[in-house]
Amino acid sequence: MNRFYTYLFLLPAFLTMPGILQAQDTTALPGNLRNQSITITSEYTPVLKPASKINFSSSENLPALPKTMLKYNVPAQSMPVNYEPAALYALAVNIDSTVSWHRENFVKLGYGNLSTPYAEAGLSLGDGVHHALSFYGKHTQSKGELPFQKFGKTYVSVNGLANIQDAHTLDAKVFFSRNTQYEYGFGNSQKQFNEADLLRRYATFGLHAGLANKKANAYNISYHPELFFEVLNDNRSASEMNLKAEAPISKELIENVAFNLGITADITSYKTANAHINNTIFYIAPAIEYATEKFSILAGATPSWDRSHFYLLPQISLNASLGQRFSIFGGWKGYYNKTNYRTLTTLNPWIQQPEELLNNRVTEAYGGIKGSVGDHLNYNGKVGFQKLYNLPLFINDDADGRTFKVVNESQLNNLYIHGEVGYTQKESFSLIAGITKNFYNTLTDNKDPYGHIPLELSAALRWKLLKNIYLKSDAFLLNGIAYLDHSSNTTKKLSSSFDLNAGLEVNLIKNIGVWFQVNNLLNSKYQRWNQYPVLGANFLGGLVVNFNGKQ
C-alpha cells in the first residue's frame, strides 16, 4: 500500500519530464549529449532489507555405542561372624565376660556381692585413620564363701597406630597384667595354712610392634614383620622371658599366583630357684598359593627346629565356593602350640613350677563346609583328625591335691567335630552357638587326657532391645573332664559344668547409663579343675559414662 502512494505521487513528475527535457539548450551541454547513446545496465527496483532470521541447524545423531551388560553381586546384608567357643576358667569372675558394646571414651564403675568392685575405662585419641592412640584399663576382684577363695585381675594397655607416608602402617602395644588367686582347693585337709603360703600371683609386662605395607610395592611384594616381647614373674622366684619375631612375605608371581614365605623365631628363657630352661622354636614356611574368586589352594612345607630337633610339617589347604552362599574347605597342616610358663599358668593358675618345657606339636587333617542361608543365618561345620605330640596334662598332687603337676603325653590321637551357627540382624541382634567334641584315644603314657575338655558347648546373645537398652548373655557347658583320683589310683570325671551369664545396660540420658550383670545365674558350684569349685552367683551393677556418645 505504501508503495502505491509513492508511485501516485511521482506520476506527475514523470508526465512533465519530456517537456522539460525539450526546453533545455542542448548546445550548452558538453560533448553534445544529443548525439550520444545511453546504455541502461539495470533498472532500480526498491526492495526491503531481508529480516534477520534464526537458523536452526540440527546436528547429526551420535553413533550408538554397544550396551555393556553389568553384573552386580550384592552381598547379603548381614555380618558373618567367625566364632570360636570360649573356654571356662576356674576364676569364673570375669564380671563383664561378654563382648562389650564398643566405646571410645568411657568410664564404667560398679560393685557387687562377693565383695566385688569393678572398674573399667577407655580413652582414644587421634582420627583412627592416619594415627590413633588408645588407653585401656580394667580391675576387678571377688571373695567367695570358701576359705582363701579370693581372686583379683588387673589389666592396663596402651595401643598406637600410625600411617607412614600413606605407604606403611605401624602399630604398637604395651600392656601390663596382674592376676592374683590362692590355692584354696585343699579339700578336707586339716593342715593349717597361712595366706602367704597359698598366694599365687603372676605379673606380666609385654610389648608388641608391627609394620606392614598397605599395598604391594613395585616388586609386587607385601610384608608384615612383627615382634612380641613378654616378661613374666610370679611370687615364688620364677621368671620367664618370651621373644617372638615373625616375618611373613608374599610376592605375586603372575596373576592369581603368589609365593608366600614366613620366617619365625620363638625364644623362651625360663628360670626358677632350681632350674634354667631354654626353649626355642625356629621354622621357615614357604608355600605357593593360587587364588581366584571361587577357588584357592595353598601348598607348601615347613622345615622346623624344636630345640634343635628337626621336623618337617605339611602346609596344604584349599577352599572352593560352590555358589554364592556355600563353600567347602579342607587341608593338612602342621603347627606348634608353644609350651611355656605363661601359657600353662593362663590355662591353670594352680600348677607347680614345671621342671621341663616340651612344645606341643600337632599335625592335622581336616575338612568342612561353611555358608549362609538367607541374609542372616551363617553356619560352619568341620571334622578333623589330629596327631598330638607332647601334650601337657594336669594331675593333682598326691599330698592334698591343691596344686597340679604338669606331665607330658608323648603321643595321642584326637578325632574332633566342630560346628557353629549364627544369626545376625545387622548390629541390633546376634545369636551364636557352637559345639566341639573331642575323641581322645591311643594315649601312650597316660590313661586319659587329664584336664582337657572332651565336650564343650557355648552360646552368646547380643540384643539391642531399644535405642537405649542392650541385653547380652553367655552360656557354657563342659562335660567329661577327667582327673586322677590318688586315693583309688583311678580315673574319674568331673560333673558337667554349666554357666549362664546375663547383662543389661540402659542409657538414661545422653552419655550416662546404668548396667547390671549376673554371673553364674544358676549358682552352679561346678569345677573346671578338680577340687576348685567356682564362685557362686555374682550380682553386680553400676554406672557408665560415655564421653563421646558413641557406642
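Because the model is predicted, local features are reported only at pLDDT of at least 70 and side-chain atom pairs only at pLDDT 80 or more, whereas totals for chains, interfaces and linings use all residues. Residues are numbered from 1 along each chain as its sequence is written, and side-chain values use heavy atoms, with hydrogens and water left out.

The structure contains 14 salt bridges, a salt bridge being a side-chain nitrogen of Lys or Arg within 4 Å of a carboxyl oxygen of Asp or Glu. One of these is formed by Glu-195 and Lys-150, whose closest N and O atoms are 2.8 Å apart. Because Glu-195 lies in helix α2 (residues 195-198) and Lys-150 in strand β4, the pair ties together parts that are 45 residues apart in sequence; helices (H or I, at least four residues) and strands (E, at least two) are DSSP runs, numbered from the N terminus. Glu-195 is partly exposed, with a relative accessible area of 38%, and Lys-150 is likewise partly exposed at 23%, where buried means under 20% relative accessible area, exposed means over 50%, and partly exposed lies in between (1.4 Å probe, protein chains only).

Glu-183 is buried at 0% relative accessibility and Arg-402 is buried at 15%, whereas Arg-236 is partly exposed at 30%. Glu-183, Arg-236 and Arg-402 belong, together with Arg-200 and Asp-400, to a network of salt bridges.

On the surface, a nonpolar patch is formed by Leu-123, Leu-125, Leu-133, Phe-135, Val-156, Val-158, Val-174, Phe-176, Phe-205 and Leu-207, which together have about 730 Å² of accessible area. Patches are made of residues with over 30% relative accessible area and no salt bridge, like charges being joined within 9 Å and nonpolar side chains (Val, Leu, Ile, Met, Phe, Trp, Tyr) within 5 Å, while accessible areas come from the Shrake-Rupley method with a 1.4 Å probe, only the protein chains shown counting as cover for residues. Strands β2 (116-126), β3 (131-143), β4 (150-164), β5 (168-182) and β6 (199-213) each supply at least two residues of the nonpolar patch. Phe-135, found in strand β3, is partly exposed, with a relative accessible area of 34%.

Ser-304 lies in strand β12 (residues 295-306) and is buried, with a relative accessible area of 0%. A polar atom of the Ser-304 side chain lies 2.7 Å from the backbone oxygen of Tyr-311. Leaving aside residues up to four places away in sequence, Ser-304 touches Phe-282, Tyr-283, His-309, Phe-310, Tyr-311, Leu-313 and Tyr-336, a contact meaning heavy atoms within 4.5 Å.

Backbone angles were also examined. Most residues other than glycine have a negative phi. Gln-165, however, has a positive phi near 55°, and so does Asn-390, with a phi near 55°.

Strand β20 (residues 469-479) is mostly covered, with 8 of its 11 residues buried. Strand β19 (residues 455-466) runs antiparallel to β20 and is joined to it by 11 bridges, two strands being paired if DSSP finds at least two bridges between them. A hairpin joins β19 to β20 through 2 residues, and Leu-457 has Leu-477 in β20 as its bridge partner. Strand β20 is also joined by 10 bridges to strand β23 (residues 497-509), again in an antiparallel arrangement, with Ile-469 standing opposite Val-506 in β23.

Technical notes:
Polar contact = N/O pair within 3.5 Å; in protein donor to acceptor, adjacent residues only side chain to side chain.
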